[in-house]
Amino acid sequence: MLVKTVIALCMWVNGSLDGHMLVEGNNISECLKIKRQAERNLSDNRENTIRYACGFVKAELKEDAEGNLKIYKILEDKYGD
């Protein structure tokens, strides 16, 4: 298992961290692009409050079945959650 500081797109649903995604190339502009796309695709009549944010997180990374690194667990973030 690899521990590294990376850029992640985090998603909160009703105030709780619900998901996170490692951004390819550790690039903040790429993260912001993905965030804008995700926000545009949100349904207007949804029941939950959903918020996205890009930022640096210290995370445990694992390879998936295809050999791509994925965030397994966030150890430290800037959000205080």
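Residues are numbered from 1 along each chain as its sequence is written. Because the model is predicted, local features require a pLDDT of at least 70 and side-chain atom pairs count only at pLDDT 80 or more, whereas totals for chains, interfaces and linings use all residues, and side-chain values rest on heavy atoms, with hydrogens and water left out.

Strand 1 and strand 2 run antiparallel and are joined by six bridges, with Ala 8 standing opposite Leu 22 in strand 2. These two strands form a hairpin with two residues between them, and Asn 14 in the turn has a positive phi of about 50°. Strand 3 (residues 50-63) pairs with strand 4 in the antiparallel sense over seven bridges, and Ala 59 has Ile 74 of strand 4 as its bridge partner.

A search of the whole structure finds one salt bridge, defined as a side-chain nitrogen of Lys or Arg within 4 Å of a carboxyl oxygen of Asp or Glu. Lys 35 forms this contact with Glu 39, the closest N and O atoms being 3.7 Å apart. Because Lys 35 and Glu 39 are four residues apart in helix 1 (residues 28-40), about one helical turn separates them. Glu 39 is partly exposed, with a relative accessible area of 37% (buried is under 20%, exposed over 50% and partly exposed in between, with a 1.4 Å probe and protein chains only).

The largest pocket has a volume of about 300 Å³, a volume being the space filled by probe spheres set on grid points that are joined across faces, edges and corners. A pocket is an open set of points, on a 1 Å grid over the protein atoms alone, where a 1.4 Å probe fits, with protein on both sides within 12 Å along at least five of seven lines; lining residues have an atom within 4 Å of a point. The lining comprises 15 residues, of which Leu 22, Val 23, Glu 24, Gly 25 and Leu 69 lie nearest the centre of the pocket. Strand 1 (2-13), strand 2 (16-22) and strand 4 (69-77) are the elements that give two or more residues to this lining.

Terms used. Two strands pair if DSSP finds at least two bridges between them.
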